[in-house]
Amino acid sequence: MTATEAAPNGAALHVGRSLKRKEDPRLITGRARYVDDMTVPGLLHAAIVRSPEAHAMIVSIDSSAALAREDVELVLTGQDMTDLESPLPCAWVPPGTEIANAPHWALARGQVNHVGDPVAIVVGTDRYAVVDAAEEVLVEYESLPVIVDPRAALADGATLVHEDLGSNRVFEFSLGGGDVEAGLAEADVVVQREIVNHRTSGAPIEPRGVIADFRAGSLTIHSSTQVPHFVRLFLALQLGISEERIRAVAPEVGGGFGAKLQFYGEEVLLAYASRRLQRPIKWIETRSEHMQVAHHGRDQIATCRMGARQDGTITAFHVQITADLGAYLMLLTPVIPVLGAFVMGGCYAIPNVRTDITGVFTNKMSTDAIRGAGRPEATHMVEVMIDQLASELGMSPPAIRRKNFIPKESFPAEVATGVVYDSGDYHGSLDKLMGKLDVEAFKREQAELRGRGIYRGIGLSTYTEICGLAPSRIVGPSGLGLQTGLWESAMVRVHISGAVTVYSGASPHGQGLDTSFAQIVADRLGVDPEVVEVIHGDTGTGPQGLGTYGSRSLSVGGEAIARATAKVAEKAKAIVAHELEAAAQDIEVSGDRFSVRGSPDHGMSLAEVAGAAYIPENLPEGMEPGLEETTFYDPENFVFPFGAHAAIVDVDGETGKVAVARYIAVDDCGPAVNPMIIDGQIHGGITHAIGQALYERVHYDDDGQLVTGTFVDYSLPSAAEVPMFETDRTETPSPSNSLGVKGVGEAGTIGASAAVTNAVIDALRPLGVTFMNMPLTPMRVWEAIEEARGGVPA
């Protein structure tokens, strides 16, 4: 039975139904096509020589031994590539700020600034031989002092990452509204905490991979990227060739999480070397390389002050962030901490809010967008501080939230930062969450477990986020400073057979867009989603696009598809009306036909309409043949998903081990296109945040050496470490798009770390522990317990 046949009352209503993902069969049966699966005649392989030093001058590079090998075709150093048009780009800087930036070349020139900084590329005939050959490239370094602590990097006389800049301070930025100092002064209680959001890795299941094939004056590059159109643009700028001579393709990406929202030096290196050799070249990143040189996320230290009256009304919230940006500014590096500042007031009607940010260079890999990109950090600060304030005032966490929520009737709501939240019902999502919790049963279980040395706690997190990154008038050069617009494109083509092909500028990597996009189109054209093919991730097909990130795929890319499909449907209705001698306004999509309203049997299938369009013997006067339409959609505002999460954790008082016993999430991303896909995105997002809260941490020692370079040292949660998630939804449509949808890919990550952290603190309060920072590893929790008991210091 097809999806159309299974629809209620014969109506082809696919949106809102949990259809199985169309893309899954190829993904789970090993038939998907990743970069490493691909081969090209004459393919060569590349390996990168990387610095073992965190900070050093390059004295010399001797590649003679590698070049003497029969299986080596080329060795390049930074000095061999001085004809590149420009360094790697930083495309988005905070508005109104002066940025201190240093050139970031695809291969280091004269100096390395973090472990893994590339110094040479070796190209040869065998994948494993080039790795051996890379070890024969001898690099002499002169070590320089290393700085890894961002606050120490700001001190007078600190070691400088880039000596010629004269400082490690990259930028200073402030955003807010009201008067925070006056708001804090009028408060009865002011709570201050230092909240650390430590460095993490995207850690996708598939590391990066690139194949570059330059021939006959044109370049084809396959890259596991989230942004193929950006890759094409920046390669054109780097190599000095026109965009139309470059085709960038993102096949199956194998997970992105922001780590592949980047233009990396390896893409430049392979394109440059391929042009030099006129041969295709492949490079596949190892896991240890990914941990070293795929950009990291988070790494913010914040001093937070929150003031409130005795009745719980919050009067002000002030955050001072020191953001560790690493050694270089990559595509979005300096703007990531700024994104959180726009929603630093969270779900709350706080009249005075200000975020002050200082970006800092250190001898580490760069930070950039990792799932949530600034919003998880902001939510963690807000939600941990709310619980700290509730404890200080003797209020319950739900009560203080309800006291300060922006009321449902106030939307659209302009908050203190100047942002206009589109829609929300924060009381509704929290009420639904609390309805799933039996507080009395929790207290009984808590008391029983304490008798066995297990301390149970519960933590809440109510969040909103700014996503659907798009409005060009807001984020573009004259707004927030991004050097491009952020619209999205779609082309919908109906073939003469009635099959439909959708070309999207979005470029998914696990979001299920092949399915949800097909559902949107199917409803509007009266077909089964199975006959709708979605093409994406290839700059050689369809219109210009901007990729997938910032939970924009559905609210921007999906809306573009809906609008293009609406144009096709309008043309189809005009054809049907002409054929049936009816008025166009009386034609509707009913089941699998375009029919006259009230006469479902009097109509035409899409295939019949397409036949009339492509064999234009009887089209309405002045109508062009064919049945396809293109739309470029640029929304007027962001979208603001929200939700309420609760974590219940058990902490072993003797070992400090934390187990998540239960996790409940009520999220609101507007009307559901596919509820099952929403659940999958929420599951993944929560797991990502549980990983940061309890397990994951990218750690450098004082010499700038990466301690967590493999999954032996960088601990990821498995299915054994997470509970069965309990998910539910409220649906509050966004007025920003016709679908009413909001983003969901980052929601779980944004909401969950604070819920888990608050739960652990709640569990440990009887032991005298009232505050902790992530990661809440057994050692750190045990140390906190012992310090509270008067034992070893934490």
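## Helix α11

At 1.5 Å a residue, the 19 residues of helix α11 (residues 375-393) should span 27 Å, and the 27 Å between its end C-alpha atoms agrees with that. The expected span is 1.5 Å times one less than the number of residues. Helices (H or I, at least four residues) and strands (E, at least two) are DSSP runs, numbered from the N terminus.

Of the 19 residues of α11, 17 are buried, so the helix is largely enclosed by the rest of the structure. Buried means under 20% relative accessible area, exposed over 50%, and partly exposed in between (1.4 Å probe, protein chains only). Just after α11, Gly 394 takes a positive phi of about 75°.

## Basis of the model

This is a predicted model: local features need pLDDT of at least 70, side-chain atom pairs count only at pLDDT 80 or more, and totals for chains, interfaces and linings use all residues. Residues are numbered from 1 along each chain as its sequence is written, and side-chain values use heavy atoms, without hydrogens and water.

## Nonpolar cores

The largest nonpolar core has 166 residues. Such a core is a set of buried Ala, Val, Leu, Ile, Met, Phe, Trp, Tyr and Cys residues joined through side-chain atoms within 4.5 Å. Leu 235 and Leu 525 have the most contacts inside it. Helix α17 (residues 553-580) gives the most to this core: twelve residues.

Beyond its neighbours within four places in sequence, Leu 525 is in contact (heavy atoms within 4.5 Å) with residues including Val 492, Thr 565, Val 568 and Phe 594. Another core, of 38 residues, lies apart; Phe 725 and Val 756 are among them.

Two strands pair if DSSP finds at least two bridges between them. Strand β27 (residues 658-668) and β28 pair in the parallel sense over five bridges. Val 666 has Asp 728 in β28 as its bridge partner.

## Aromatic pairs

Rings of Phe, Tyr and Trp (its six-membered ring) pair if their centres lie within 6.5 Å; planes under 30 degrees apart count as stacked, over 60 as edge-to-face and the rest as tilted. The count comes to ten aromatic pairs. Phe 405 and Tyr 426 form a tilted one, 5.8 Å centre to centre with 55° between the planes. Phe 405 is buried, at 4% relative accessible area. Tyr 426 is buried too, at 2%.
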